[in-house]
Amino acid sequence: MAKLKSLIKIEGTLDDLTFYKGKEGYLVKTKSGVSANRIKNDPAFARTRENGSEFGKSASSGKILRRAILPMMEDAKDSQVTARLTKVMTQIKNLDTTSPRGQRVVEVGITTPSGQQTLKGFNFNDRAILSTVLLSDVGLDTATGEITLTDFIPAQNLSVPVGATHVSLTSGFLNLDFATGDKDLQLSPVSNLPIDNTTTTVTLTPAAVPTGTGTQGYFLKVAFYQEVNGIQYPLNNGAYNALEILEVL
C-alpha cells in the first residue's frame, strides 16, 4: 500500500492498481492475483477460508452488541467504533477452546472469565474515555444494575469540555445472547445536573432486571449539554460523551 501524492485524486481500478480513499488520505495498492473462486474452492486456501469465516462471525457479534445498546450509543461513539469492537470480538472468539478451527465463535468465548474481562472496560467513544471524563468512584450492584456516585460534585469530578453547562448520566443493564441476538436493555432514568459545586449522590437504577440467559453487561454514559435560554442542547454533537461497559458477567 502506498500514498497517492497528486493534484488529481483517483478512485477505482486502473490496470493492476486500485486507487481508494482511506483514513490517511488517497491510497494505492496492487490488485490481488488470486481469484475469489480459487480462494473459495482451492484446498490450499483452507486456512484463509477458516479465518474469513471466523472474522465474519466476530464482526456480526460486534454488530449485535452495537444494535442492542443503540439508544445509549447513538450520541456516544467514534468513527472507528465498528473496527475497534470487531477487534475485541476477534480476541474473545480466540478464547473459544472447544470449537474446531474456522468455527470458533464469540458466544462461546464470552462465557469464559478471560472473554468477559476482554470486553469489560470497552469505550464506545475513543475521543472520550470514561476514566478521563468521570473523576469519581463508581459503585455497581450487579444484581440490580444500580450505579451509585457518592458525594458527586460535577464541577470537580468531571473533565468538563468548554461550553458545557449541564451533564446527564444514564446507566444501562443488558442481557444479550450472542448466539441468537435476543436482547433486553433496561435503562435508568436520566440524571441531569448543572455543572457546579453542589454535592449530591447520584443513583442510577435501571427500570428492571433484564430477562434472558445470555451475557450481562453494565453500562454507564456521561453526556454534556449547553443551556441557552432555558433549553439544553447537545454539546458538539456528542463528541465529548462517554459510554463504557463497566462490567460483563
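**View 1. Antiparallel pairing of β6 with β10 in the predicted model.** Strands β6 and β10 of this predicted model are joined by 4 bridges and pair in the antiparallel sense. Within this pairing, Leu149 stands opposite Val202 in β10. The two strands belong to an open sheet of 3 strands, arranged in the order β5-β6-β10 with antiparallel pairing. At the edges lie β5 (139–141) and β10 (200–204), each of which pairs on one side only. On average, neighbouring strands of the sheet are turned by 15° against each other, direction ignored.

View 2. Strand β5 runs antiparallel to β6 (residues 146–152), and 3 bridges join the two. Leu140 stands opposite Ile147 in β6, and Asp141 stands opposite Glu146 in that strand. The hairpin formed by β5 and β6 has 4 residues between the strands. In the turn, Gly145 has a positive phi of about 80°.

**View 3. Helix α4 and its buried side.** Helix α4 comprises 13 residues, 81–93. From its first C-alpha to its last it reaches 18 Å, close to the 18 Å expected at 1.5 Å a residue. The buried residues of α4 are Val81, Leu85, Thr86, Val88, Met89, Ile92 and Lys93. These residues lie on the same side of α4 because they cover an arc of only 165° around the axis.

**View 4. The largest nonpolar core.** This core contains 24 residues, and those with the most contacts inside it are Leu65, Leu119, Phe124 and Phe219. At least two core residues are supplied by each of α2 (46–68), α3 (70–73), α4, β7 (166–176) and β13 (242–248). Helix α4 gives the most, with 5 residues. In soluble globular proteins, nonpolar side chains tend to be buried together.

**View 5. The surroundings of Phe124.** With neighbours within four places in sequence left aside, the residues in contact with Phe124 include Leu65, Ile69, Met73 and Ala76. Lys77, Asp78, Val81, Arg84 and Leu85 are also among the contacts of Phe124. Further contacts of Phe124 are made with Phe219, Leu243 and Ile245. Apart from the core of 24 residues lies another core, of 21 residues, among them Leu134, Ile147, Leu149 and Leu193. Of these, Ile147 is the residue in β6 that Leu140 stands opposite, and Leu149 is the one that stands opposite Val202 in β10.

Note on methods. Residues are numbered from 1 along each chain as its sequence is written. This is a predicted model: local features need pLDDT of at least 70, side-chain atom pairs count only at pLDDT 80 or more; totals for chains, interfaces and linings use all residues. Side-chain values use heavy atoms; hydrogens and water are left out. The expected span of a helix is 1.5 Å times one less than its number of residues. Buried means under 20% relative accessible area, exposed over 50%, partly exposed in between (1.4 Å probe, protein chains only). The arc is that of the directions from the helix axis to the C-beta atoms. Two strands pair if DSSP finds at least two bridges between them. Axes are lines fitted to C-alpha atoms, for helices over the stretch in contact, and angles run from 0 to 180 degrees between N-to-C directions. A nonpolar core is a set of buried Ala, Val, Leu, Ile, Met, Phe, Trp, Tyr and Cys residues joined through side-chain atoms within 4.5 Å. Contact means heavy atoms within 4.5 Å.
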